[in-house]
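Thank you all for coming; I would like to take a few minutes to walk through one model with you. Please have the sequence and the structure open while I talk.

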Amino acid sequence: MKGTNLGEFEELVLLTVVALMEEAYSVAICDELSNLTGRSIKLGVVHAVLNRLEEKGLVKSELGEATKTRGGKRKRFYQLTIPGKAALVHAKSMRDQLWDRIPLLVWEKV
Amino acid sequence: MKEQQHHPPFWAQRFIEWYCKPELAEDLIGDLNEYFERNVQTIGPFRAKLIYIIDALKFLRSYTIQRPKFANLFINWIMIRSYIKTAGRNVMRNKLFSSINIVGLAISMSVGLLLIAFVLDLHSYDRFHKNGERIYRITNILTSNNEQSSKFASTSIKTGRLIRQKVTGIEDVTIVRDFSQDAKVGDNILPVKGYWAEPSLFRIFTFPMLEGNQDKALKDPYSIVLTETTARKLFGNESALGKAIQFDTLTYQVTGVMKDVPFFSHINFEALVSLSTAEQLNKSDRNFEKWTNMGLNYVYLLLSQNTNMAAIQSQLNVIAKEENLAQENSRIQLELLPLYEIVVGENLRDMRGSVQVHMPPVMLWILGGLALVVILSACFNYTNLSIARAMRRFKEVGIRKAIGAGKSQIRQQFLTEAILISLASLILSFFIFLVLRPQLIDLAPEMQRTVKLEITSSMIVTFVIFSVTVGVIAGFMPAIFFSKISAINALRNVSSVKVYKHITLRRALVVIQYTFTLIFITTTAIGYVQYKNILAFDLGFNTENILNINMQGNKPDALLKELSEIPEVTALSRSLIITSVGNAWGGYMKYKDSHDSVLVLTNNVDENYLTLHDYKLIAGGNFMAHPTTTAAASEVIVNQQVLKRFNIANNNSEEAIGEEITFSNAQGHGRKMTIVGVMKDFHYGKVNNLIEPVAFMPWTPEDRTIINAKIKSTDMLATMAKIESTWKKIDRIHPFQAEFYEEAIEDAYSEFSSMIKIIGFLSFLAISIASMGLFGMVVFTTETRLKEISIRKVMGASSSNLIYLLSRDFLLLLSISALIALPVTYFFFKNVILTNFPYHTPVQIAELFVGLLTVLFIAFIMIGSQTMKAARSNPAKILKSE
């Protein structure tokens with residue numbers, strides 16, 4: 001395992017989990033990401049990433065209540081864990097540092 | 001609301017449940033369901049289902065798949081032991097049914113075993129070469145005079161040379177050329193067959209050398225490498241290395257002794273002679289290195305480690321294109337053939353005729369199909385009997401289910417039982433295999449040369465796998481059937497379970513079984529009659545009591561003189577070849593139009609040949625001149641087809657006499673010849689060839705000779721011995737080679753007779769198996785209907801009424817089979833097989849029905865005997881026992 005380092009897509013999924021709060025389950029995450037990025041995100045990819053994040057301990061999950069839709073199958077809801085939060089904060093701060101280093105002058109020349 | 005009626009494909013869902021870890025499965029399926037519902041709304045149910053299936057497959061990933069648990073295996077093993085125990089008890093309890101099943105499966109499986117052994121043997125050919133995967137042989141594709149092209153296994157020496165010079169990406173090339181001469185060491189003379197070969201042969205193939213240097217042995221002219229056996233035959237126990245051998249007038253030196261060529265090798269030889277010798281001997285012969293001289297040479301390539309066939313092929317195409325520019329009326333293409341596809345692969349022409357070991361894959365598929373039919377027939381028996389007798393085992397299954405057995409466990413139980421029975425049959429069938437093996441090998445001389453059928457460890461493994469497969473096929477239906485029984489029904493009341501629900505299935509199986517059996521037996525009958533007709537076919541001349549003696553290179557005069565003194569020999573003639581048995585000789589004939597040349601089949605015969613064989617001359621007369629060289633021969637006798645083809649003298653035989661034609665073949669180009677006689681058409685080729693233009697030319701002392709001796713004798717054996725002793729006076733080295741014309745014809749069609757024997761044997765097996773199955777069913781039905789029979793009897797039914805009642809069903813099924821099988825066989829023969837034989841006799845009704853009658857007769861005996869037993873029983877006893 002590569003520790004708490006996050007890939008780009010992993011970070012996106014993790015952020016979506018936080019943003020969706022109580023409603024963070026695979027299909028919803030997938031929809032949200034599709035809306036946000038404008039391309040269609042495959043369920044298989046999201047599912048695999050969620051599974052990996054859970055293995056890394058960045059999210060935890062539990063099954064919800066059974067409903068009549070989905071053929072009676074329960075949803076699996078995801079929640080951010082403390083290491084997950086740390087990883088997000090770490091990723092953000094790393095980016096912020098890099099942003100801060102860019103002088104405004106250089107930025108506007110491009 | 002309507003949308004809610006659509007459900008995702010059930011089996012896809014089951015599939016996910018099967019492979020997915022249980023903790024992941026629920027929400028995963030839920031997610032897919034949600035998507036499915038959404039997709040039904042947007043893109044319709046059909047595509048939604050499709051996407052669902054694709055997704056189900058896409059989620060098959062390393063993280064979703066559940067690992068097999070060790071505990072499961074352990075529990076399975078305990079259960080399997082229990083299944084084996086119950087299966088064993090069940091086998092012992094129903095001895096009749098068990099023995100029907102075991103014997104039937106054993107008989108049918110022995111056919112499978114033979115086929116497996118046969119195929120394994122064929123596939124073990126040439127595997128001993130270390131570089132086998134990279135070895136290829138050159139195939140020549142010859143197209144001449146815009147005729148259909150034909151593929152030859154042989155090629156020209158030039159091809160080999162050109163490949164050596166020009167082609168890149170190969171490690172080595174070797175040319176071999178047929179060699180056959182008499183070796184002489186002191187007084188010891190031995191005919192030796194082998195090859196002219198190059199040193200590179202040892203680099204490409206793995207033929208280990210015992211004595212001598214592998215790299216140098218075949219380098220110098222007049223060197224010879226012997227195999228161990230040949231060396232022993234020539235020199236006894238002395239070392240052969242360095243010794244001299246005489247071939248003809250030339251002396252060769254033994255430069256090496258190698259191990260014998262393994263049995264499973266497509267090239268076989270007794271000795272190798274350096275090709276450089278052949279080059280020296282043929283220095284003056286311009287034909288030797290010609291591009292079109294492709295009769296006797298074979299070229300093998302060893303490709304480099306990482307070249308592909310396509311790269312070599314394109315280089316070969318370039319070579320062929322260049323060489324073909326110089327050719328007038330023939331084109332030759334070159335092609336690569338992998339070493340492992342030589343024995344089991346495409347049919348190639350070969351000048352050596354039937355010496356080559358070869359089996360087209362199509363043949364194996366046909367044999368495999370036939371064996372499969374027989375095996376399936378035995379499996380059907382098992383299925384039928386198990387399901388028919390299901391009632392007896394309902395309670396057992398019911399209790400198993402009640403104490404917690406799942407469907408899959410019941411399935412496993414019945415499969416285990418079937419596999420157990422089929423493994424028991426394997427032991428029996430192995431003994432049958434051992435008995436049948438020598439029969440199969442002796443079926444044809446080709447067989448003896450092709451396969452050994454020796455038992456190897458890989459063969460045993462294949463046998464066991466095969467037997468387990470047969471068990472699974474046989475037990476599949478019963479397993480499904482029993483696993484579906486509901487525990488409540490089974491325990492509540494046996495008779496309420498719908499046993500007869502599966503009666504259609506059982507009937508269908510019986511019909512299929514008998515249809516195939518009837519097809520088999522009818523095919524045998526028709527094939528046999530047609531084969532006899534072919535042998536008795538009027539070829540247009542007389543073949544009775546004619547002994548053909550092959551002179552094997554000797555001059556015929558001395559033997560002719562000796563033979564004419566034997567009183568039993570009434571007439572003698574000489575000819576180049578024996579016709580009507582598949583041999584052919586020929587050349588191109590032209591009449592007045594110099595652009596119109598036609599392939600004409602020929603035979604060179606002397607002036608006695610026509611009378612000895614009773615050829616019918618329509619016009620003209622026999623050969624008058626006695627030319628001593630082929631070039632001097634100027635007379636020709638043609639058949640009616642020649643006149644028709646060239647329209648000589650408006651097809652008038654009398655006027656055609658004296659007309660002049662031009663004839664060209666390997667012995668001479670553009671010879672002018674005069675028609676001196678016209679004979680009635682006869683069958684020069686085999687019966688499956690149409691009659692084509694044929695010409696007889698005078699035999700000359702330059703030709704190889706076959707002596708045709710008409711024999712009239714009361715004691716054939718003594719006469720033959722007399723003739724053979726005469727032969728020994730003329731030629732002490734070569735064994736006497738003679739055959740009666742009629743035997744030669746029989747040999748020529750030996751493939752038909754082997755085929756009929758095989759199909760006949762299979763049909764015998766099919767009948768036995770189907771009859772055993774039928775017997776089992778009859779016994780079962782009469783047993784279950786014993787009470788009914790008794791009541792009917794009490795009410796006044798007669799024995800014949802009862803027999804009719806009980807056999808009606810079976811007879812109906814047999815009639816359906818006959819209605820399918822007979823027309824199918826008839827039309828198969830009429831439209832597929834017999835179209836290849838333009839002169840065949842039509843299929844007779846008698847042959848069609850002889851099979852049906854046999855089957856009906858056997859069925860009748862079995863049904864009759866059982867129903868008689870039931871009908872004769874005392875109703876009081878049976879009804880009392882309630």
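Let me begin with how elements are named: helices are DSSP runs of H or I with at least four residues, strands are DSSP runs of E with at least two, and both are numbered from the N terminus. With that convention, Asn647(B) sits in the loop between α20 (640–646) and α21 (653–656) of chain B. Its phi is near 55°, a positive value in a residue other than glycine. Asn647(B) has a relative accessible area of 44% and is therefore partly exposed, where buried means under 20% relative accessible area, exposed over 50%, and partly exposed in between, with a 1.4 Å probe and protein chains only.

Before going further, the ground rules. This is a predicted model, in which local features need pLDDT of at least 70 and side-chain atom pairs count only at pLDDT 80 or more, while totals for chains, interfaces and linings use all residues. Residues are numbered from 1 along each chain as its sequence is written, chains are lettered from A and ligands numbered from 1 in the order in which they are written, and side-chain values use heavy atoms, with hydrogens and water left out.

For the surroundings I turn to UniProt, whose positions are given here in the numbering used for the model, with feature names shortened, and whose annotations may be inferred rather than shown by experiment. An unreviewed UniProt entry assigns "domain: MacB-like periplasmic core" to residues 98–317 and 544–724 of chain B. Over residues 544–724 of chain B the model has 18% helix and 35% strand, with the end C-alpha atoms 20 Å apart.

Now to chain B as a whole. It has 28 helices and 22 strands, and its C-alpha atoms fill a box of roughly 100 × 75 × 65 Å along the principal axes. Of its 882 residues, 49% count as buried. Taking contact to mean heavy atoms within 4.5 Å, residues 24 or more positions apart account for 78% of the contacts in chain B that have a separation of 6 or more.

What does UniProt list for the "ABC3 transporter permease C-terminal" domain? The unreviewed entry gives residues 370–487 and 761–875 of chain B. The span 370–487 of chain B is 85% helix and 0% strand, its end C-alpha atoms lying 41 Å apart; for 761–875 of chain B the figures are 85% helix, 0% strand and 43 Å. UniProt, again from an unreviewed entry, also places "transmembrane region" features along chain B, including residues 508–529 and 758–781. Residues 508–529 of chain B are 100% helix, with 32 Å between the end C-alpha atoms, and residues 758–781 of chain B are likewise 100% helix, with 34 Å between theirs.

Ser377(B), in helix α11 (residues 361–388) of chain B, counts as buried because its relative accessibility is 6%, and, leaving aside neighbours within four places in sequence, it is in contact with Gln513(B), Ile769(B) and Ala770(B). Ile803(B), in helix α26 (residues 799–833) of chain B, is partly exposed, with a relative accessible area of 23%. Not counting residues up to four places away, Ile803(B) touches Thr867(B) and Met868(B), whereas its C-alpha atom is 80 Å from that of Lys290(B), 513 residues apart in sequence.

Which residues of helix α1 (residues 10–19) are buried? They are Ala12(B), Gln13(B), Ile16(B) and Tyr19(B). They cover an arc of only 140° around the axis, so they lie on the same side of α1(B); the arc is that of the directions from the helix axis to the C-beta atoms. An α-helix has 3.6 residues a turn, so residues three or four places apart point the same way. The cover over the buried residues of α1(B) includes α2 (22–43) and α3 (45–58) of chain B, while the face turned away from the buried side carries the exposed residues Phe10(B), Trp11(B) and Trp18(B).
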